[in-house]
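The sequence and structure are shown first.

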Amino acid sequence: MRSKLVAGNWKMHGSRAAISDLLAALKAELPSEPRVDIAVFPSAVYLADTRSLLSGSPVAIGAQNVCEKPGEGAYTGEVSAQMLADIGCRYVIVGHSERRAMYGESSELVASKVKCVLDAGLLPILCVGESEADRDAGRTLEVVAEQIQAVFDLLPVSELASLIVAYEPVWAIGTGKTATPAQAQEVHAFIRGLVAERSTELAAGIRILYGGSVKAANAAELFSQADIDGGLVGGASLNAQEFSAICRAAE
Ligand code: PEP
């Protein structure tokens, strides 16, 4: 049985004061023993603060990005997977569409990041998804398959037990336009099928999150789909009441 995961991607939002207020409100709203996995993803500079503020809470922390190089080295401005593990992260978002589009991250580079995250003992959340133009051209499944294939090309199935995939149609991110539960389920089932071609065991266990304008009002219906194992939540994760309602919907 796959446990559901609700992940809150705060993107480049927040300040020490704002994060302290948000986490205080979140801790007040969430049950002390939630029946789903919950994680928040602050900017890297606030990971340590967030970890301290969440001490004793079941909410885990994760990073929004990571360097694709293993180990240490002369990579000015970068943060390694080992550093993220050292500071107490459990998850790392890899290949978010904003990074693919704005920072030119290729599927091959994203796969290298997945490898670094796994090698550091952390759980990568691999983001995949099509643009509006891709969907209109009927290329959704092709695009998603290409993005996932890069990971299969680099890593054997035996190393992918901790991989989490997030299907995030680019046209639904931050736009208020959500994929319908049926549209999302179709792609989630396709992704699980791709994994099943390599390993039925991995396919049965891998968690596939949906992301793209998830909010309290649509979360329960999305999460009730057979192949949707939780959500990657952007904007709504900055509001404690909204985010905790999404977590409750996942329960
Ligand atoms: C995201 O950034 O991953 C995301 C899904 O954002 P939003 O929920 O705001 O659409």
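The text below treats the ligand, its contacts and then one lysine.

The model is predicted: local features need pLDDT of at least 70 and side-chain atom pairs pLDDT 80 or more, whereas totals for chains, interfaces and linings use all residues. Residues are numbered from 1 along each chain as its sequence is written, and side-chain values use heavy atoms, with hydrogens and water left out.

**Ligand site**

The ligand is surrounded by 14 residues, a residue being near if one of its heavy atoms lies within 4 Å. The closest are K11, E168, G174, S213 and G234. This shell comprises 4 nonpolar, 8 polar and 2 charged residues; Asp, Glu, Lys and Arg count as charged, Ala, Val, Leu, Ile, Met, Phe, Trp, Tyr, Cys and Pro as nonpolar, and the others, Gly among them, as polar.

Polar contacts are pairs of N or O atoms within 3.5 Å. Those listed here involve an oxygen atom of the ligand.

| Residue | Part of residue | Distance to ligand oxygen |
|---|---|---|
| E168 | side chain | 2.7 Å |
| G234 | backbone | 2.8 Å |
| H96 | side chain | 2.9 Å |

Of the 290 Å² of accessible area that the ligand has on its own, the protein covers 95% (Shrake-Rupley method, 1.4 Å probe).

**Lysine 113**

K113 belongs to helix 5, residues 107–119 (helices are DSSP runs of H or I with at least four residues). Its relative accessible area is 3%, so K113 is buried (under 20%, with a 1.4 Å probe and protein chains only). The side chain of K113 forms a polar contact of 2.7 Å with the side chain of E105; within protein, one atom must be able to donate a hydrogen and the other to accept it, and residues adjacent in sequence count only if both atoms are side-chain atoms.

Conventions
Helix = DSSP H or I, 4+ residues; strand = E, 2+ residues; numbered from the N terminus. Buried < 20%, exposed > 50% of the residue type's maximum accessible area, 1.4 Å probe, protein only.
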